[in-house]
Amino acid sequence: SESPLGAFWQTPSGLSYKGCVCVSELEVRQQRGGLLQGTLLLTVSDPQEPGLGSGGATLNALLVAAEHLSARAGYTVVTADVLDDAHILILHTGRDFPWDSCGRAFCWLPVEKPAQTVQGPVCCLDMLLDCLSNQVCPGSPPGVWVCSTDMILTMPTTFKMSWEGFSGVRVLALPGDVSYAANHGVYFADEQGRVRDIIYKGSEERIRRAAQPDGMVPLVSGPVFFCRRVLERLLKAHVTPPLDGCTYMGMDSGAPPIQVCSLHLYFSFLILIFFTSLCACHSPFYLLAGCSSPISQQGAVVRSARALLWRILRGTTLHMGMSLSMWYIILCTCQMCHPITRGRQCCVRSSYPALPPSGLEELKRRLKCVLKTFISLCPRMLGCCMTFDLFSQGPVDVHSGCLLSGLEVTSSSHIQQLALTNDHIIQGHHIQLGEMKITVSCDDDGATFLNHRWSDLYSRTGIQPEDLWGSGRSQSLMEARLFPVFQPRGGAVGLEVGVCWLLGGPGALEQWRAVWRLSLREVLSLTDQEGELRWREALFFQVGRRRVMDNLKSQSDRGLLPSFRAAVLGGQHEELLCTLDSIAAGSGENLGVAARCLACIADVLACLAGEGRGGLRSGPAANPAWSHAFSILEQGDLLGGVQALATERAKWLSRPDLLVRAARHYEAAGQVLLRQAVMLSQRFIYIGQGEVPPLGEWQDVECPARLDLSGGWSDTPPIAFEHGGAVVNVAVKVDGRRPIGARARRIKEPRLLLVSSSGVQDDAIAMETVCERLEDLKDHCVPYAPAALLKAVCVCSGLVTYPSRQSLDEQLLQRWGGGVEIHTWSLLPHGSGLGTSSILAGAVLAAVYRCTGRTYDTDSLIHAVLHLEQMLTTGGGWQDQVGGLVGGVKVARSKACLPLRVEVERLPLSDDFLLSLQQHLLLVYTGKTRLARNLLQDTVRRWYSRVPSIVENAGQLVDNAEECARACTEGSLPRLGACLERYWGQKKVMAPGCEPAAVRTMMDALRPLALGQTLAGAGGGGFLYLLTRQPQQGEAVRQVLNNTQGLRDFSVHPVELDMDGISLLKSS
């Protein structure tokens, strides 16, 4: 239900240790988020063996539920008052399941749940809980849901039940065809959903009367709900003979037990409820299936119990809810118990006629997805996740209808030698013989053995029936002592002894006879569920590490955080960290993969610290303790660097705050590798040598700003080379001027004179830095150091070499005959979002190249800026320099590969469209400074983690950029506006928090005037630009903002398209 207070687990009697296993498995699911925190989890065994039947077991579980809730509430006696707001789910596990050692509920399925925040194997129980929690139970009033775990229940997403004013009992009928219903029960209900009749094994003619419009009939099965009022009545049974014999309290008080599966949930409780709602005078016991013989003493007890139930349930209304479509698969085993002479075959029963072709294909797709790494697939292959352990040693053909599960890795070579055919099942079971725990294997397919008659087995092997059953034993497969488990002088038996011989492998009859053997029934009775689950857990984590390795090496977009959380929760973090170290160290040919591995290690460390503990993920990462490892990475020694990081990491695992700080340093180490990966683009920089201008001659460069119309963030490494990027932007003048520029000249003194200014005229602020020693350039890669950008240009452009044995003045005199003076300026405010820093870097590089007589093209300049920003460690993408260095409207793209190369295409737009675009574009300075220092780091972190929303959004950014390019090419302003609106939504997905409240107010106020609008750049402040519905709307925009409360310090600026891009002015 929506807010459950308890979940109670019903197990057969005599299996109390298995009940403990059930609780531990449920607690694991609660830790992983599959069950709500605070939910009370209990296991309840039947009071006696054989079982009570599902009805009697439900009464006992209800009593235990009420008792525990009463104790929680502080009562000293059981009281029904605790049921007033209780939402309880009782699950019946049934008995042993030959196909899985842990029973039907914990049978692993080849299913994945993408929404899992903590990864875990998906069992029948998980699918059932998911369906009940999200589709069946929500909205129900306080009460009890009762359901069996022998089903895989899926329902249409449109399914919904109305609970308004509900009182009584409700059954969820499952649709089945008429032929299947002939051997089961069918509900007959009126238009209001009230059950009017229940027919068990009725005639086909009678069953057809219950058919729905689609021809399906409502089967008596599925979940049942009891409201609070009915529960109070049923609770009285635990003190009233003979029903007290159904409960553990009655047994402990000496009450005689009710046995032989006497009280069935459907054919005792529900039929009684149905008849009490129709009759008030007599009890139609003759209609109740499963009633004990009326002449036996136990039959009299059962009749008395049902008479008591009749009085308790009188007047209760039975309602039916029915899904229009549903897959409901019952995992059936009963035919295995029949004598082999009947020739029956075991099957999986389904109340749905057949999986639709689309469903079958989806099942095959998922199975292939799970198994493709390990298995050479055959047609119509069926398998299960547990085959991973076996097949990690090499491929094994799994034929149609085959299932291999629970086998140790040592079995691989023996399986590969066998000539398996269709429809073989080979299983491993963990069992206990006294204090010794061993693994045995078995092979079964219904009433035949290996799909051949038993006589074939006798003639082929020499085995005699008395070897299998002895005298007086039922000759069924369940009872056949086929399976070797122990050699008196050799210990536990593996797959290679006995079972391989039965399958046609090496061995001998006498060897088989000499070992201790068990029947399948004995194997199941000795099953060590705890050991089996521990083995599965180890296998699950082993598969998880293999999956992490495969996904990283293949550069998959699969999110790995759920796997990391599961490993940390399961205490497997050391093994996972070692795996990630190994992958990183071996990825020298793809530094992008190595960088992601280090980011993944940071995620694991953060998971170890715990959610919200240890401090913020983003923070400083220059602790001297890590500098040695960083320096090794900087030198290009990947293996040594990874090992040094791991050595240091071991010292930081003791506290959450240390773990978070270690995570920061791992992210910084990843950035080192990311920079090295991006710097491979240096091969696309082509610089020539021309005539060197005379000393003192200024080389002046001016650049426009850029407006990103769509696709931003897709240009950011590593997204740009792991996914591929596409950006549409436009070069613009602000207030009629190119706002960014630089100038450079050679000077006589062998020094570097660096002057940077920002602001407009009287408000301009200039800062001068003089570098006379090479040591003055040591902070050229520290982005917030004085004149860091200009120092980085000096190193990146080859003006000087750092580090070097030559002094600064020696280098300058030898190369250029003197020093260099560089000036830069920007008329835009800090954090404008118009690409200032990258465009300015391009302008400075161009000026320095020109003053030293070197030649270049725009493509080289774009990649040189990309290289420079990696050296400066500011990261960032390539779209800013594209926007300011290339004029007009253009689309730039990068492919999903290294080295990262940017290709620019200027869009062929008509003059009319360009004029219209210019008249409809407006810039609004928001007055808010963009505090985006951590936006890039946070976004890259989420991309490395492959957060699903980020991965999906990256694709949408590229798609929107291509649509934006088409809209511009086809001259459609409305479509361009729609692209801007989508783009702003996509930016907010990439960088949550990039929309300050004041900006949101501003955009809401301007929406009636705009076809589309967005903050420039990464968002968070700076400039807003909008595409207005009408041309020349500057004054209208200014008036709207003036009339909007809470807005101040804004300014409105006209936009002029710049078709030239970077402009070289005449020498001066």
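This is a predicted model: local features need pLDDT of at least 70, side-chain atom pairs count only at pLDDT 80 or more; totals for chains, interfaces and linings use all residues.

Visitor: How many aromatic pairs does a search of the whole structure find?

Guide: A pair of aromatic rings is described by the distance of the centres and the angle of the planes. Here the search finds 12 such pairs. In one of them, the ring centres of tryptophan 626 and tryptophan 652 are 5.5 Å apart and the planes meet at 55°, so the pair is tilted.

Visitor: Where in the chain do tryptophan 626 and tryptophan 652 sit?

Guide: Tryptophan 626 belongs to helix α22, while tryptophan 652 is in the loop between α23 and α24; 26 residues separate them, and the pair links distant parts of the chain. Tryptophan 626 is buried because its relative accessibility is 0%, and tryptophan 652 counts as buried at 7%.

Visitor: Which geometry do tyrosine 849 and tyrosine 856 form?

Guide: Their pair is tilted, with 5.7 Å centre to centre and 40° between the planes. Tyrosine 849 is buried at 3%, whereas tyrosine 856, at 23%, is partly exposed.

Visitor: Which residues do ring pairs link into a cluster?

Guide: Trp145, Trp163, Phe166 and Phe225. Arginine 170 lies over the face of tryptophan 163, 4.5 Å from the ring centre. Likewise, arginine 743 lies over the face of tryptophan 698, at 4.1 Å.

Visitor: And serine 710: buried or exposed?

Guide: Buried, because its relative accessibility is 0%. Serine 710 lies in strand β24, and its contacts beyond four places in sequence include Val727, Asn960 and Tyr983.

Note on methods
Residues are numbered from 1 along each chain as its sequence is written. Side-chain values use heavy atoms; hydrogens and water are left out. Helices (H or I, at least four residues) and strands (E, at least two) are DSSP runs, numbered from the N terminus. Buried means under 20% relative accessible area, exposed over 50%, partly exposed in between (1.4 Å probe, protein chains only). Contact means heavy atoms within 4.5 Å. Rings of Phe, Tyr and Trp (its six-membered ring) pair if their centres lie within 6.5 Å; planes under 30 degrees apart count as stacked, over 60 as edge-to-face and the rest as tilted. A charge sits over a ring if NZ of Lys or CZ of Arg is within 6 Å of the ring centre and within 35 degrees of the ring normal.
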